[in-house]
Amino acid sequence: MSCKKVVDIVIVGSGIAGCTLAWQWILNGKSVILISDVEKGSSAVAAGVYNPTILKRFTSVWKSAQQLEVLNSFYPLVEQITGIPLLHPINILRRFHDNKETKTWVKKSYKEDLKDFMSSDIVHRDIYGIDAPFNFGLVTQTGWLDTIGFMNASLDYLKSQSSLILESFDFDELSHHKDHICYKEWKAGKIIFAEGFKLRSNPYFKDLPLQGNKGEVLTIKVPGLKLDHIIKSSVFLMPYSNDLFWVGATYSREDLTDNSTETAKEFLTSRLERFLTLAYEVIDHKHGIRPTTIDRRPFIGAHRDYKNYYVFNGMGSRAVLIAPWAAQNLYDTMYNDAVINEEMNVDRCFN
């Protein structure tokens with residue numbers, strides 16, 4: 001195997017995780033080759049909501065403040081280079097189900113890790129088409145990333161730089177050396193696998209306890225509904241454009257079939273109809289398998305034996321929020337003498 005073309009990093013996978021890694025290296029002046037078969041993964045159906053709170057239990061997301069700080073600088077840099085608007089800041093209104101939830105919200109909103117995101121003032125607001133007899137709680141520093149736009153813009157940019165290979169990764173063409181790796185004609189210091197759920201077929205990392213979590217979402221059309229917030233009740237209702245809205249999402253570890261289901265559609269529409277009083281039309285119904293972990297922390301780090309082979313996976317439903325921060329951590333580990341955060345270091349799976 002003769003590897004004559006030299007780059008700093010080879011990345012496998014073109015979902016949110018893989019594209020984020022590529023940009024992390026590009027923004028730091030490094031050369032990249034990204035390999036993608038462009039098959040649909042969970043990123044292709046992600047609505048891209050980023051939210052530093054867990055609104056079912058009124059708790060904070062792990063490391064959310066640090067992740068938000070990186071998010072708010074990372075995606076705008078990508079927008080500047082591509083010229084495409086991708087990040088859409090928009091607040092969330094958490095619809096209360098009863099007075100008990102309202103009281104719990106106010107109490108939790110004063111906690112140190114939540115006070116910057118959850119307003120202690122109850123929002124009394126009449127929204128035409130939304131039934132909310134117990135009012136809302138306001139969550140700030142939230143929004144959504146156009147995930148399809150982000151991935152398409154990333155691949156287009158990489159293609160323009162001759163940094164994209166559109167093919168299925170061939171593990172037989174990969175070789176490990178003391179201070180570099182070779183893949184076909186390419187030579188790099190390291191390779192990072194960011195394949196999402198496909199990691200379970202990766203011969204070097206397939207033993208990691210990666211779980212699948214199937215998510216299904218709807219796109220609906222609701223003429224007359226005007227929202228300038230995301231509504232969170234038992235499901236999210238997020239405005240996209242004109243009369244189109246996203247409804248999601250389901251979570252299933254049992255059904256990992258590659259198809260959308262009527263069961264999920266009925267779940268989403270039944271929950272939606274608990275608070276949406278206007279007529280709507282289902283325009284699209286999508287599904288994907290999220291890569292998740294038992295402890296809800298990503299898998300990031302080097303292989304035990306092949307030290308130039310890295311994994312970047314397990315972002316679950318929070319890839320938009322966590323991936324830029326995690327990618328920065330991994331980059332700093334490789335080039336700036338940092339260490340991988342111990343809670344997401346893949347070494348925890350082998351201790």
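Me: What share of the contacts with a separation of 6 or more comes from residues 24 or more positions apart?
Reply: This is a predicted model, so the answer describes computed coordinates. Among the contacts in the protein that span a separation of 6 or more, those between residues 24 or more positions apart account for 73%.

Me: How many helices and strands does the protein have, and what radius of gyration goes with them?
Reply: The secondary structure comes to six helices and 21 strands. For 351 residues the globule rule gives 20 Å, and the value for this protein is close to that, so the protein is as compact as a globular protein of that length, with a radius of gyration of 21 Å.

Me: What percentage of the residues count as buried, and what part of the exposed area do carbon and sulfur atoms supply?
Reply: Of the 351 residues, 54% count as buried. The protein exposes about 16,200 Å², and the part of this area that carbon and sulfur atoms supply is 47%.

Me: How far apart are the centres of the positive and negative side chains?
Reply: The protein carries 40 positive and 41 negative side chains.

Me: Is N345 buried or exposed, and which residue has its backbone nitrogen 2.9 Å from a polar atom of the N345 side chain?
Reply: N345 lies in the segment after α6, the helix that spans 319–335, and N345 counts as buried because its relative accessibility of 16% falls under the 20% cut-off. Leaving out residues up to four places away in sequence, N345 touches I300 and I340. The backbone nitrogen that lies 2.9 Å from a polar atom of the N345 side chain belongs to D347.

Me: Which residue joins the side chain of H285 in a polar contact of 2.8 Å?
Reply: H285 is found in strand β19, which covers residues 281–293. Apart from neighbours within four places in sequence, H285 is in contact with E216, V217, L218, S260, T261 and K265. The side chain that makes the 2.8 Å polar contact with the side chain of H285 is that of E216.

Me: Where is the cis peptide bond that has an omega of about -5°?
Reply: One of the two residues concerned, A249, is found in the loop between β18 (244–248) and α5 (262–272). The cis peptide bond with an omega of about -5° joins G248 and A249.

Me: N135 and K184 each have a positive phi in a residue other than glycine; what is the accessibility class of each?
Reply: N135, with phi near 75°, sits in the loop between β8 (118–123) and β9 (136–139), whereas K184, with phi near 55°, lies in the loop between β13 (181–183) and β14 (186–193). The relative accessible area of N135 is 18% and therefore under the 20% cut-off, while that of K184 is 27% and so lies between 20% and 50%. N135 is thus buried, and K184 is partly exposed.

Me: How is P133 classed by accessibility, and what distance separates the C-alpha atoms of P133 and R95?
Reply: P133 is found in the loop between β8 and β9, and P133 counts as exposed because its relative accessibility of 52% is over the 50% cut-off. P133 and R95 are 38 residues apart along the chain, and their C-alpha atoms are separated by 8.9 Å.

Note on methods
Residues numbered from 1 in each chain as written. Predicted model: local features only at pLDDT ≥ 70, side-chain atom pairs only at ≥ 80, totals over all residues. Heavy atoms only, no water. Helix = DSSP H or I, 4+ residues; strand = E, 2+ residues; numbered from the N terminus. Buried < 20%, exposed > 50% of the residue type's maximum accessible area, 1.4 Å probe, protein only. Polar contact = N/O pair within 3.5 Å; in protein donor to acceptor, adjacent residues only side chain to side chain. Contact = heavy atoms within 4.5 Å. Rg over C-alpha atoms; globule rule 2.2 N^0.38 Å. Areas by Shrake-Rupley, 256 points an atom, 1.4 Å probe, with all protein chains shown as cover. Lys, Arg positive; Asp, Glu negative; His and termini not counted. Charge placed at Lys NZ, Arg CZ, Asp CG, Glu CD.
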